[in-house]
Amino acid sequence: MTSRFLTRLAGISLCLLGIPALLLSCSGPQDAKPVMKPPEEQTALINFVASEYSSETRPLLESLVQDFMLKNPSIVINLQVANWDILDGIYTTMISKNQPPDLLNTNVYTHFAKDGLLNDMDEIISPELKRKFYPDLMKLDQWDGKQYAIPYVSSTRNMYYNRDLFEAAGISEAPATWSELKKDALKIKNTGKAHGFGVDLSDNEIQAYLSYFFLGAGGGWFRDGKWTINSPENVEGLAFLKDLYDEGLTDPEPTVTTRDEKQRIVGDGKLGMMISGNYFGTVMPREFPNLKWGTGPIPVKDGRKPLLFGVHDNLVSFKTDHTNKEALSAFLDYLYSSPVYEEIIAQEGFLPVMEEAGAKLSAADPMVKQRLAELRKSSFYPIQQPEWQSIMDTARKMGDAVLHDHVSPKEALDELQRYAEKVQKEVHGTE
């Protein structure tokens, strides 16, 4: 996620200042030695910028930060919680002022590492904590032989749908193929009750929907060291998405309403289905307790094998003029401890990134066990490529152009491919 326009600021700073103990002096014999003032304990500062996932995020993080500081009075946590819509703008501004956050919750990292901005997390996290993470997720957060990020939360992506709308349209289960998706979206549209399929080509999720339909056609973003954005399979996938829109089978504003907004439209009974994360099953029942919902696979081109797609967000630590690795280590030990971390997972509806937490939650919920098994086999964004952030930002500009016939799917992907190759050469210093 470079800087976007700041439309609103969602954040909070929590500071608890350590107060040195009062020095008490007592009268005594004139030849008694004066009482020496003990050395003041140095206060460590951690500026923590966290992503807002739901209405539960801010109060949950505020509470755990307060609890940590009460237990660790020599460490001050300045917490800022920001919605994904403005997160990039906040930390980009901080970096531009040479005041980067000590700890950032994000989903990208290699471009920061390439620029020498990040601490090696192996120099921060304790060996005990490192051993707790799923190795495959830790590997995704390694670049150039170093652990520049650590996993924070994860999710799998699936189709989610409104059961009442499916029943009204005579649909018994979620579509598994593109032909079934088109047929079912038309059935829902013909009920006159709702739009068929929610497509998010907004700044938030365009890279996600492109991934679903690139991979669903047998394509992808990156292969064998090269960007493959304009492959025939990817062009076919984007062309299929455009056809759905042109035929009125999607929601009317794919580039405007975000994933979270579309989820609420599903809850309101005005949208039949959409692709989202497993947090749908936690967040939506809180907002729409009467919603009957179901889930199924991400639809793929007829004849293609089923698609499993996963997403994981991470934590990175920027080099600052006050970096305190011991304090960061202590806070991360606390953040990932039980039951603190398990409460984050439960409240936000994510999948855990640590084996012990995964085993514990899987034992309590068979669906968590299933989703964690799927995550092990999932495709992910190419986050280990330093140019990914820039390519993703550029991709965000193409949704309206493609949907409204300013450029064809092939022309749009040809242009994005040229940009990707150009940036790759610049990043790696090759001609």
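## Basis of the description

The model is predicted, and local features need pLDDT of at least 70, while side-chain atom pairs count only at pLDDT 80 or more and totals for chains, interfaces and linings use all residues. Residues are numbered from 1 along each chain as its sequence is written, and side-chain values use heavy atoms, with hydrogens and water left out.

Helices (H or I, at least four residues) and strands (E, at least two) are DSSP runs, numbered from the N terminus.

## Two pairs of packed helices

Two packed helices are described by the angle between their axes and the distance between the axes. Here, axes are lines fitted to C-alpha atoms, for helices over the stretch in contact, and angles run from 0 to 180 degrees between N-to-C directions. Angles under 35 degrees count as roughly parallel, over 145 as roughly antiparallel, 65 to 115 as roughly perpendicular and the rest as oblique.

Helix H7 (residues 178–190) packs with helix H9 (residues 232–246) at an angle of about 10°, and their axes are 11 Å apart. H7 is therefore roughly parallel to H9. Contact means heavy atoms within 4.5 Å; by this criterion, Trp-178, Leu-181 and Lys-182 of H7 meet Glu-236, Gly-237, Phe-240 and Leu-244 of H9. The residues of this contact comprise four nonpolar, one polar and two charged. In this scheme Ala, Val, Leu, Ile, Met, Phe, Trp, Tyr, Cys and Pro count as nonpolar, Asp, Glu, Lys and Arg as charged, and the others, Gly among them, as polar.

The second pair consists of helix H16 (residues 388–395) and helix H18 (residues 409–428), whose axes come within 10 Å and cross at roughly 155°. These two helices are therefore roughly antiparallel to each other. Ser-390, Ile-391, Thr-394 and Ala-395 in H16 meet Leu-416, Tyr-419, Ala-420 and Val-423 in H18.

## The buried side of helix H15

A residue is buried under 20% relative accessible area, exposed over 50%, and partly exposed in between (1.4 Å probe, protein chains only). In helix H15 (residues 366–376), the residues Val-368, Arg-371, Leu-372, Glu-374 and Leu-375 are buried. They cover an arc of only 160° around the axis, which puts them on the same side of H15; the arc is that of the directions from the helix axis to the C-beta atoms. The face turned away from this buried side carries the exposed residues Pro-366 and Lys-369.

The buried residues of H15 pack against helix H5 (135–140), strand E6 (150–162), strand E11 (293–296), strand E12 (309–316) and helix H14 (355–364).

## Two buried leucines

Leu-351 lies in the loop between helix H13 (340–348) and H14, and is buried at 2% relative accessibility. Beyond residues up to four places away in sequence, Leu-351 touches several residues, including Val-368, Arg-371, Leu-372 and Leu-375. The C-alpha atoms of Leu-351 and Leu-375 are separated by 9.0 Å, although the two residues are 24 residues apart along the chain.

Leu-403 is found in helix H17 (residues 399–403) and is buried, with a relative accessible area of 5%.

A cis peptide bond joins Ser-338 and Pro-339, with omega about 10°. Pro-339 lies in the loop between helix H12 (325–335) and H13.

Asn-98 has phi near 60°, a positive value in a residue other than glycine. Asn-98 is exposed, with a relative accessible area of 66%.
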